[in-house]
Amino acid sequence: SRRCSGEDPLFTFFSGINHHYAELSLEELVEMAQTIFPEQPGEADYNLCVSHHTRKFLNRRINMKLSRGRQWRLILGQEKFRAFVGMAAICTETATADSYKVFNGGLYEVLELADTQVLLKETEWGDEVLLCDVDVGRLFRPAHALCFASVQGKTLQGRVKLWDTEHRFFDRRKLLVGVSRATSADMVEVK
(Lines give C-alpha, C1' and ligand atoms only; values in the text may rest on other atoms or scores of the structure.)
Protein backbone atom coordinates (compact mmCIF):
# COMPACT_ATOMS: atom_id res chain seq x y z
CA SER A 1 0.00 0.00 0.00
CA ARG A 2 1.04 3.60 -0.43
CA ARG A 3 1.20 4.22 3.32
CA CYS A 4 3.55 1.30 3.95
CA SER A 5 5.74 2.16 0.99
CA GLY A 6 7.11 5.23 2.70
CA GLU A 7 5.63 7.60 0.12
CA ASP A 8 3.10 8.91 2.64
CA PRO A 9 4.49 11.81 4.73
CA LEU A 10 2.72 10.51 7.84
CA PHE A 11 4.32 7.07 7.56
CA THR A 12 7.71 8.56 6.70
CA PHE A 13 7.60 10.87 9.73
CA PHE A 14 6.40 8.44 12.37
CA SER A 15 8.61 5.60 11.14
CA GLY A 16 11.61 7.96 11.26
CA ILE A 17 11.09 9.34 14.78
CA ASN A 18 13.30 6.69 16.40
CA HIS A 19 15.39 5.84 13.33
CA HIS A 20 16.25 8.42 10.63
CA TYR A 21 15.55 11.36 12.95
CA ALA A 22 17.05 9.82 16.11
CA GLU A 23 19.77 12.48 16.25
CA LEU A 24 17.23 15.33 16.28
CA SER A 25 16.19 16.91 19.58
CA LEU A 26 12.54 16.79 20.62
CA GLU A 27 12.24 20.51 19.83
CA GLU A 28 13.57 19.90 16.30
CA LEU A 29 11.17 16.99 15.81
CA VAL A 30 8.19 19.06 16.97
CA GLU A 31 9.21 21.91 14.64
CA MET A 32 9.47 19.42 11.76
CA ALA A 33 6.05 17.97 12.66
CA GLN A 34 4.52 21.46 12.77
CA THR A 35 5.83 22.09 9.25
CA ILE A 36 4.63 18.74 7.86
CA PHE A 37 1.31 18.75 9.76
CA PRO A 38 0.31 22.44 10.09
CA GLU A 39 -2.69 23.64 12.06
CA GLN A 40 -5.91 23.78 10.05
CA PRO A 41 -8.97 26.00 10.44
CA GLY A 42 -11.86 24.69 12.51
CA GLU A 43 -11.99 22.12 15.27
CA ALA A 44 -10.19 18.80 15.03
CA ASP A 45 -12.29 15.71 15.75
CA TYR A 46 -9.78 14.54 18.38
CA ASN A 47 -7.43 16.78 20.36
CA LEU A 48 -4.60 14.95 22.14
CA CYS A 49 -3.10 16.46 25.29
CA VAL A 50 -0.61 15.72 28.04
CA SER A 51 -2.34 17.81 30.67
CA HIS A 52 -5.72 16.91 32.18
CA HIS A 53 -6.24 20.65 32.67
CA THR A 54 -5.88 21.20 28.89
CA ARG A 55 -8.11 18.18 28.16
CA LYS A 56 -10.88 19.44 30.44
CA PHE A 57 -10.62 22.99 29.07
CA LEU A 58 -10.80 21.80 25.44
CA ASN A 59 -13.63 19.36 26.15
CA ARG A 60 -15.68 22.12 27.81
CA ARG A 61 -15.02 24.66 25.04
CA ILE A 62 -15.60 22.27 22.13
CA ASN A 63 -18.63 20.63 23.76
CA MET A 64 -20.31 24.02 24.25
CA LYS A 65 -19.48 25.08 20.68
CA LEU A 66 -20.66 21.86 19.00
CA SER A 67 -23.88 21.65 21.03
CA ARG A 68 -25.07 25.11 19.96
CA GLY A 69 -28.20 24.92 17.82
CA ARG A 70 -28.72 21.22 18.61
CA GLN A 71 -31.01 19.38 20.94
CA TRP A 72 -28.85 18.52 23.96
CA ARG A 73 -29.17 17.37 27.54
CA LEU A 74 -26.94 18.25 30.47
CA ILE A 75 -25.16 15.22 31.91
CA LEU A 76 -23.78 15.47 35.43
CA GLY A 77 -20.97 13.23 36.59
CA GLN A 78 -17.18 13.13 36.61
CA GLU A 79 -17.31 16.00 34.11
CA LYS A 80 -20.43 18.05 33.42
CA PHE A 81 -21.21 18.08 29.67
CA ARG A 82 -23.93 18.47 27.08
CA ALA A 83 -24.88 15.19 25.40
CA PHE A 84 -26.14 15.54 21.83
CA VAL A 85 -26.67 13.22 18.86
CA GLY A 86 -23.38 12.65 17.04
CA MET A 87 -21.20 13.50 20.05
CA ALA A 88 -18.12 11.34 20.64
CA ALA A 89 -17.64 10.02 24.19
CA ILE A 90 -15.04 7.84 25.86
CA CYS A 91 -15.88 5.26 28.51
CA THR A 92 -13.75 5.67 31.65
CA GLU A 93 -14.34 2.30 33.31
CA THR A 94 -15.55 -1.16 32.36
CA ALA A 95 -19.04 -1.72 33.74
CA THR A 96 -21.66 -4.43 33.38
CA ALA A 97 -25.32 -4.36 34.30
CA ASP A 98 -28.34 -6.44 33.30
CA SER A 99 -28.92 -4.30 30.21
CA TYR A 100 -25.43 -3.24 29.16
CA LYS A 101 -21.68 -3.81 29.12
CA VAL A 102 -19.27 -0.95 28.37
CA PHE A 103 -15.49 -0.99 28.23
CA ASN A 104 -12.87 1.32 29.67
CA GLY A 105 -11.23 3.28 26.85
CA GLY A 106 -13.97 2.46 24.35
CA LEU A 107 -15.03 5.25 22.02
CA TYR A 108 -18.78 5.69 21.64
CA GLU A 109 -21.11 7.91 19.62
CA VAL A 110 -24.38 9.30 20.99
CA LEU A 111 -27.15 8.01 18.71
CA GLU A 112 -30.26 9.18 20.53
CA LEU A 113 -31.44 11.09 23.58
CA ALA A 114 -34.53 9.49 25.11
CA ASP A 115 -36.42 10.79 28.21
CA THR A 116 -33.77 10.04 30.84
CA GLN A 117 -31.64 7.69 28.77
CA VAL A 118 -28.92 7.93 26.15
CA LEU A 119 -28.42 5.44 23.31
CA LEU A 120 -24.73 5.03 22.45
CA LYS A 121 -22.90 3.01 19.79
CA GLU A 122 -19.40 1.65 20.33
CA THR A 123 -17.52 2.94 17.27
CA GLU A 124 -15.22 -0.02 16.63
CA TRP A 125 -17.63 -2.95 16.97
CA GLY A 126 -20.97 -1.19 16.48
CA ASP A 127 -22.56 -2.49 19.70
CA GLU A 128 -25.38 -0.28 20.95
CA VAL A 129 -26.08 0.35 24.63
CA LEU A 130 -28.91 2.22 26.31
CA LEU A 131 -27.95 3.84 29.61
CA CYS A 132 -29.69 6.15 32.04
CA ASP A 133 -28.31 9.68 32.35
CA VAL A 134 -26.78 8.88 35.75
CA ASP A 135 -24.75 5.97 34.31
CA VAL A 136 -23.64 8.08 31.33
CA GLY A 137 -22.37 10.74 33.75
CA ARG A 138 -20.61 8.12 35.88
CA LEU A 139 -19.03 6.15 33.03
CA PHE A 140 -18.42 8.61 30.17
CA ARG A 141 -16.90 11.96 29.31
CA PRO A 142 -16.63 13.84 26.01
CA ALA A 143 -13.97 12.57 23.59
CA HIS A 144 -13.31 15.91 21.88
CA ALA A 145 -10.02 16.02 23.82
CA LEU A 146 -8.14 13.00 25.14
CA CYS A 147 -4.84 12.34 26.85
CA PHE A 148 -2.19 10.56 24.78
CA ALA A 149 -2.34 7.48 27.03
CA SER A 150 -6.09 7.09 26.29
CA VAL A 151 -5.55 6.62 22.55
CA GLN A 152 -2.63 4.20 22.42
CA GLY A 153 -3.51 1.38 20.07
CA LYS A 154 -6.53 3.16 18.57
CA THR A 155 -7.02 4.44 15.03
CA LEU A 156 -8.89 7.73 15.18
CA GLN A 157 -11.23 8.40 12.27
CA GLY A 158 -11.13 12.13 11.62
CA ARG A 159 -8.75 15.02 12.22
CA VAL A 160 -6.26 14.61 15.06
CA LYS A 161 -4.56 17.61 16.66
CA LEU A 162 -1.58 17.33 19.01
CA TRP A 163 -1.55 19.86 21.86
CA ASP A 164 0.86 20.46 24.75
CA THR A 165 3.96 20.00 22.56
CA GLU A 166 5.85 22.36 24.91
CA HIS A 167 4.65 20.59 28.07
CA ARG A 168 7.49 19.27 30.25
CA PHE A 169 6.11 15.72 29.99
CA PHE A 170 5.70 15.79 26.20
CA ASP A 171 8.26 13.41 24.68
CA ARG A 172 9.08 11.41 21.54
CA ARG A 173 6.70 8.64 22.58
CA LYS A 174 3.74 11.03 22.79
CA LEU A 175 4.70 12.53 19.43
CA LEU A 176 4.86 9.02 17.92
CA VAL A 177 1.56 7.97 19.52
CA GLY A 178 -0.15 11.19 18.43
CA VAL A 179 0.83 11.27 14.77
CA SER A 180 0.33 7.53 14.32
CA ARG A 181 -3.34 7.64 15.46
CA ALA A 182 -4.47 9.36 12.26
CA THR A 183 -5.23 7.64 8.98
CA SER A 184 -3.37 10.09 6.68
CA ALA A 185 -1.08 13.13 6.78
CA ASP A 186 -3.88 15.55 5.96
CA MET A 187 -5.73 14.35 9.07
CA VAL A 188 -2.94 15.37 11.50
CA GLU A 189 -2.04 18.78 12.85
CA VAL A 190 0.57 19.72 15.43
CA LYS A 191 0.14 22.85 17.54
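The model is predicted, so local features need pLDDT of at least 70, side-chain atom pairs count only at pLDDT 80 or more, and totals for chains, interfaces and linings use all residues. Residues are numbered from 1 along each chain as its sequence is written, and side-chain values use heavy atoms, with hydrogens and water left out.

Q: What makes E8 and E9 paired strands?
A: Strands are DSSP runs of E with at least two residues, numbered from the N terminus, and two of them pair if DSSP finds at least two bridges between them. Strand E8 (residues 117–122) and E9 share five bridges in the antiparallel sense, so they pass. Lys121 stands opposite Glu128 in E9.

Q: Why is Tyr108 called buried?
A: Buried means under 20% relative accessible area, exposed over 50%, partly exposed in between (1.4 Å probe, protein chains only). Tyr108 has 2%, so buried it is. Phe140, at 0%, is buried as well.

Q: How do you know that the charged end of Arg82 sits over the ring of Trp72?
A: The rule wants NZ of Lys or CZ of Arg within 6 Å of the ring centre and within 35 degrees of the ring normal. The charged end of Arg82 is 3.9 Å from the centre of the Trp72 ring and counts as sitting over it.

Notes:
Helices (H or I, at least four residues) and strands (E, at least two) are DSSP runs, numbered from the N terminus.
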